[in-house]
Each structure stands twice: as C-alpha cells, then as structure tokens.
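Please consult the sequence and the coordinates alongside the text.

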Amino acid sequence: ADESGLHMVLRIPYMLGFLVAIVATLRFFRRIVLPSKILEMKDCGTNEQEEINQGALRGTAMHRVMECYRFSDSKSVEEQVENMLSQGMITEDMKALIRYSQIEEFLNSEPGKKMAVAEKEGLLYREKPFVMSFTAEELERVGLEGDNSLIQGIIDVFWIEEDGITLLDYKTDRVECGADLVKRYQAQMELYEEAINRVFVNQGYRVKKKILYSFRLNEAIEC
C-alpha cells in the first residue's frame, strides 16, 4: 500500500480495524484447500508427487475406518463403512479411497480376531494420545539422538490380555517386505511401548508384543 493508504488505515478506529483484520484473515483461510478437496485439484505436479498425495490420503482414510470400526459387530465391511458415511464419521472422498479387501484380510488375521474379543471385553483402546518426557539415555536406547525431550504421539490401537498388552500400528506404506517397515518404525514403536508401560505400571501390565500391520502386504509384522 502507498503512504496515503497507510495513513488511512491508521485513522480507522480500533474496533473497525479489528473487524477489518478478521475479514482479511477469513479471506486468507478461504483460499486454503482442505484435505477433502485435494482430489478435485488439477494435476500441477509430477506423477510421483500425485501418487504420494494419494497414498497419504488413503492412509488417512484407512486409519479413520479402523478407528471407527466395530470389530465385534457382525455387519460386513461395506455395511459398516456406509454407516460411518451416513453418520458423518468419514467423507465421500475417504470412502472412495478405502480398500475393502484389505480390511477383510485384517479382520481374518490373528490380531483382528483378538481385537474383536478385546472389544467385547472393553479392553480395546484406540487412537490414544500421549505426551511424555524422555531422557537422552532413553532416546539413545531406541536409536534416537537428542537431549531430554518431551515427545507426543497417538497410538493407533492396543489391547489388554491376561499376560500383557499388545500394541499395533497400521501402516499403508508402499514396501516390498516387512523388514522395511521394521527398519522405518522400530524407534516409534519402542517409544509407544515405553509410554504404555509407564501408564500401566501400577496395574501390573506391560507390553508383551509390538505389531506393525501392513495393509499393502496383508501381513502382521512383529518388531
């Protein structure tokens, strides 16, 4: 703006200036593309970038379905997804990205069956956030560097059985084998394990098993 324009703005009363700032902010945010609209954008990048974006959106959609899924319900995957859509738990764009066969594979896996049992017993916990401090020594034990740190995360799912806790994290990464996932997420899973152990220490439970479940490989990988 030129100098005269700046002087005019400075002469606006305080409240009016405040309202002008709000309007400008709203106009700015209206230009932001929400995740649900990304699929409607024209391609302006490489095919590789498009695949990455599509993969990230599919990962979000699959995680959301697993967060809302009722494992002990006899309804089919398709029926449950339709219910999620009608109740506003997922969007149409998310539904279009869901791979039903991969979910069915998971439900028939050993972890899927155990989660159904745990859900019936009220011992299944999903999308649990945590914020905990870790010393430099604790970080070093899991292969991370840094000083004393406050770390936050969200655990996909874990369940309690008589002999301990099983921790599971869903993965939709494009990998060729389970070892790739373990290498990529070993430190993350060990931090999650430590967080759960701290919470349940007074109840006598500890994490007995850590699982990375690959939807791409249809495989449960212990780490």
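## Basis of the report

The structure is a predicted model.

Asp 169 belongs to strand 3, which spans residues 164-171. Its relative accessibility is 3%, and Asp 169 is therefore classed as buried, the limit being under 20%.

Two polar contacts of this side chain may be described. One, at 2.6 Å, is made with the side chain of Lys 171. Another, at 3.4 Å, is made with the side chain of Gln 188. When neighbours within four places in sequence are set aside, the residues in contact with Asp 169 are Asp 156, Gln 188, Met 189, Tyr 192, Ile 211, Leu 212 and Tyr 213.

## Aromatic pairs

A pair of aromatic rings is described by the distance between the centres and the angle between the planes. The model contains 11 aromatic pairs. One of them joins Phe 106 and Tyr 170, with 5.7 Å from centre to centre and 75° between the planes. This geometry is classed as edge-to-face because the angle is over 60 degrees.

Phe 106 is located in helix 6 (residues 100-107) and Tyr 170 in strand 3, so their pairing ties together parts that lie 64 residues apart in sequence. Both partners are buried: Phe 106 has a relative accessibility of 0%, and Tyr 170 has one of 3%. The two rings also take part in a cluster, linked by ring pairs, that consists of Tyr 69, Phe 71, Phe 106, Tyr 170, Tyr 213 and Phe 215.

## Charges over rings

Lys 171, the polar partner of Asp 169 at 2.6 Å, also has its charged end over the ring of Tyr 185, at 3.6 Å from the ring centre. A further arrangement involves Arg 198, which lies over the face of Phe 134 at 4.6 Å from the centre of the ring.

## Cysteines

How many disulfides does a search of the whole structure find? The search returns zero. Among the cysteines, Cys 177 is partly exposed, with a relative accessibility of 34%. Cys 223 has a relative accessible area of 22% and is likewise partly exposed, because this value falls between the 20% and 50% limits.

Terms used:
Residues numbered from 1 in each chain as written. Predicted model: local features only at pLDDT ≥ 70, side-chain atom pairs only at ≥ 80, totals over all residues. Heavy atoms only, no water. Helix = DSSP H or I, 4+ residues; strand = E, 2+ residues; numbered from the N terminus. Buried < 20%, exposed > 50% of the residue type's maximum accessible area, 1.4 Å probe, protein only. Polar contact = N/O pair within 3.5 Å; in protein donor to acceptor, adjacent residues only side chain to side chain. Contact = heavy atoms within 4.5 Å. Phe/Tyr/Trp six-rings, centres within 6.5 Å; stacked < 30°, edge-to-face > 60°. Lys NZ or Arg CZ within 6 Å of the ring centre and 35° of its normal. Disulfide = S-S within 2.5 Å.
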